[in-house]
Amino acid sequence: MSEVTIIPFEEQYTSQVVELILPIQQEEFGIDISIKDQPDLLNIKEEYIETGGNFWIALADGKVVGTIALVALQDHNGAIKKMFAAKEYRGEKQVGKKLLDTLISYCKEQGYERLYLGTVDVLKAAQKFYKKNGFELWKKEEMPQDYHLMDVDTVFFKKDLT
């Protein structure tokens with residue numbers, strides 16, 4: 001398996017991002033969600049980068065094998081969205097960790113103080129991953145006002161960066 005590199009999103013990878021994320025959501029985890037429910041995936045530059053956040057992809061042999069997005073919130077807060085890794089790049093391949101570390105170091109450089117995220121109850125490995133990386137369980141009603149709650153999300157996390 002080839003070396004994985006993390007780079008900021010480029011438009012040429014849009015279809016590969018969609019082709020990575022949708023099957024993970026729909027087939028692997030049985031989440032009832034389509035591209036129509038996620039128009040942000042077809043407008044990554046406008047939805048994430050131009051609004052003050054960012055979006056990174058993990059590449060192996062020129063193929064997208066992972067994604068992570070940052071949404072800028074008020075009060076030095078950020079939201080993690082669209083964190084996905086291809087099945088064969090999870091675990092020891094550390095793609096998720098590399099993506100998360102990239103996002104966190106960017107956030108610290110940019111003066112973010114807290115990160116928030118929501119995930120789905122069935123994603124037990126994801127929850128374990130976030131806890132292992134210093135995130136604490138957080139109450140839905142304590143999420144920042146400007147955090148966009150997704151209907152499918154049932155478990156929430158927070159991490160202090162200060």
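How many aromatic pairs does the structure hold? The structure holds six. Rings of Phe, Tyr and Trp (its six-membered ring) pair if their centres lie within 6.5 Å; planes under 30 degrees apart are stacked, over 60 edge-to-face, the rest tilted. This is a predicted model: local features need pLDDT of at least 70, side-chain atom pairs count only at pLDDT 80 or more, and totals for chains, interfaces and linings use all residues. Residues are numbered from 1 along each chain as its sequence is written, and side-chain values use heavy atoms, without hydrogens and water.

**View 1. Tyr 48 and Phe 55 form a tilted pair.** Their ring centres are 5.5 Å apart, and their planes meet at 55 degrees, so the pair counts as tilted. Tyr 48 is buried, with a relative accessible area of 5%. Phe 55 is buried too, at 0%. Buried means under 20% relative accessible area, exposed over 50%, partly exposed in between (1.4 Å probe, protein chains only).

**View 2. Phe 129 and Tyr 130 form an edge-to-face pair.** The distance is 5.5 Å centre to centre, with 70 degrees between the planes. Tyr 130 is buried, at 6% relative accessibility.

**View 3. Ring pairs link four residues into a cluster: Phe 129, Tyr 130, Phe 135 and Phe 157.** Above the ring of Phe 135 sits a charge: the charged end of Lys 159 is over this ring, 5.8 Å from its centre. A charge sits over a ring if NZ of Lys or CZ of Arg is within 6 Å of the ring centre and within 35 degrees of the ring normal.
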